Amino acid sequence: TANSEMAAPVHLSKLTTALRQLSISEMDRLEAFLESPYFQGPAGALPLFQYLRKLHPHYDEKKTAADYIQKKAPALGNQKRQANNGSELLKAIEHFLAVEDFASSADSVDRHRLQAYKKHHMFEAFNKEHEQLLKKIDEDKEQSVETFYNRHILAELALSGFDTKLNRTIHNTVHPVIKTLDEFYALKKLRYHCELLNRHQVLGTAYEDENIDYIISVLQAIKSESYPHVYLFVNIYNMLKAGTFEEGESYYILLKNFIDQHISSKSTLDIKETINYITNFGLYWNSRGYKRAGEIALWGHEMKMNTDELLDRGKIPPSNFRNIVALAILNGKDANWIKQFIDSYSDHLPDEHKETNFAFALAQYNYYLGDFSKAMPLFQQAQVKEEPIFNAIVRRWQFMCMYEQDPEAIDVLFDFLNAYDRYIVRYAEQFHWMKEIFVKNISYSKKLLKATDAAKKKELAALLNQEKYFTGKEWLLKQL
């Protein structure tokens, strides 16, 4: 049928999708990999790769069709042969990526070289290399989780193998293995505790502080700036678990001071992760009414922009794009800065998210300028059914725009809020702690529509002032 023909996969689509992710230099290395007799690549993979490489990175559908390939490169054969060679090439690419990842880590290569020395009883070479690597680890300024892991592996390698069986003395102890394992385990687990706590605050996922006291006690002796990763993640954990914004801010100040002293044009992994956690800390407390927290979150995003680290392989996560625009508006950034950010980064949104997020950003920008007639259709364009939280945020901004454009259109505004309310109920489970904020905002928005005289507005303002902060509270008070 016509439908089944439309659904048929494009010839070599899996292969071209994989190739499209590779840079020019990676394509060069892949060709060398396929040509190397050492890796024993399949015979049909190289000729197909060399044909496809000429099309990189676009891979026009017409030029990758089986008949077209057979006509232009008869040696590549018919559709079946091309498909078989394509499967072989795809497997070769997977092998190539594994080799690339292995070779990209000097530490990984060093470990395997030491293991090979032990395996082949090259003990003198092992001892010399082991001593050099241990010195390198001790001099490592970053002292990351990977450093602690390498220190543990070196301790383990030194106390294993045939040569250690010959040393039957009191000095042949495994205590260094246990000590380095404890430190590595504690730091690794602390890092995951930070992520667990972060996701608990952002997404509402479960969090249990299992073994945290033991973890902190193991790291206490090395919690100094001489061990940056330990220093940073102990303070990140304390910042995230703080019961008040003010307590968390004290740890943020320690972290920011460290970053200011160590930041460079390209952040280390430790500092990049720290900035991400600081940004989320700011967003969390900003959503609870602390304007200073919003400034902290925007600072985090701007730090990543200044060091060219806002993008991941040329893409910006949609949530980061939205947060930066919203924070810039809430913090009163210059409109030109906001427009320049939208223009600069919207093209870096993933294709499937570009249209809605670009429309929402432009809608917010025009609302910020007070151009409600331009903002309204853009808010409509930004509606996305598959992301309930994002959709609810869009509707909140849309209501503000509708109200400021025509506060007398009471029936239309009530209809909008009732539909908004039903939407929150329908997707209640996906909103977790944010449900309360949206419900409260809708409830007070309805009260705003009913406050038709000065006395009722005064009464509503008093009610709002008694409330703890919720998103939209400041806007509601401003309308009164």
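**Helix packing and loop residues**

Reader: Which residues in helix 9 do Phe126, His130, Leu133, Leu134, Ile137 and Asp138 in helix 8 meet?
Author: This is a predicted model, in which local features need pLDDT of at least 70 and side-chain atom pairs count only at pLDDT 80 or more, while totals for chains, interfaces and linings use all residues. Residues are numbered from 1 along each chain as its sequence is written, and side-chain values use heavy atoms, with hydrogens and water left out. Helices are DSSP runs (H or I, at least four residues) numbered from the N terminus, and contact means heavy atoms within 4.5 Å. On these terms, the residues you list in helix 8 meet Thr147, Asn150, Arg151, Leu154, Ala155, Leu157 and Ala158.

Reader: How do the residues of the contact of helix 8 with helix 9 divide?
Author: The classes are nonpolar (Ala, Val, Leu, Ile, Met, Phe, Trp, Tyr, Cys and Pro), charged (Asp, Glu, Lys and Arg) and polar (the others, Gly among them). The contact of helix 8 with helix 9 accordingly divides into eight nonpolar, three polar and two charged residues.

Reader: Is helix 8 roughly parallel or roughly antiparallel to helix 9?
Author: Axes are lines fitted to C-alpha atoms over the stretch in contact, and angles run from 0 to 180 degrees between N-to-C directions. Helix 8 and helix 9 pack with their axes 10 Å apart, at an angle of about 155°. Because angles over 145 degrees count as roughly antiparallel and those under 35 as roughly parallel, helix 8 and helix 9 are roughly antiparallel.

Reader: How many residues of helix 9 are buried?
Author: Buried means under 20% relative accessible area, exposed over 50% and partly exposed in between (1.4 Å probe, protein chains only). The cover over the buried residues of helix 9 includes helix 7 (106-119), helix 8 (123-139), helix 11 (175-203) and helix 13 (228-241). Among the residues buried there are Val145, Phe148, His152 and Ile153. Helix 9 is thus mostly covered, and the number of its 14 residues that are buried is 10.

Reader: How far apart are the end C-alpha atoms of helix 9?
Author: The expected span of a helix is 1.5 Å times one less than its number of residues. For the 14 residues of helix 9 (residues 145-158) the span should therefore be 20 Å, and this agrees with the separation of the end C-alpha atoms, 20 Å.

Reader: At roughly what angle do the axes of helix 22 and helix 24 cross?
Author: Helix 22 includes Ile410, Phe414 and Leu417 among the residues that meet helix 24, where Phe438, Ile442 and Leu449 are among the partners. By class, this contact has 10 nonpolar, two polar and four charged residues. The two helices are roughly antiparallel to each other, since the axes of helix 22 (residues 410-426) and helix 24 (residues 434-450) come within 10 Å and cross at roughly 165°.

Reader: Which peptide bond is cis, with omega near 5°?
Author: Pro57 is found in the loop between helix 4 (45-53) and helix 5 (66-72). The cis peptide bond, with omega near 5°, is the one from His56 to Pro57.

Reader: What is the relative accessibility of Asp308?
Author: Asp308 lies in the loop between helix 16 (291-306) and helix 17 (318-330), and has a positive phi of about 55° although it is not a glycine. Asp308 counts as exposed because its relative accessibility is 60%.

Technical notes. Angles under 35 degrees count as roughly parallel, over 145 as roughly antiparallel, 65 to 115 as roughly perpendicular and the rest as oblique.
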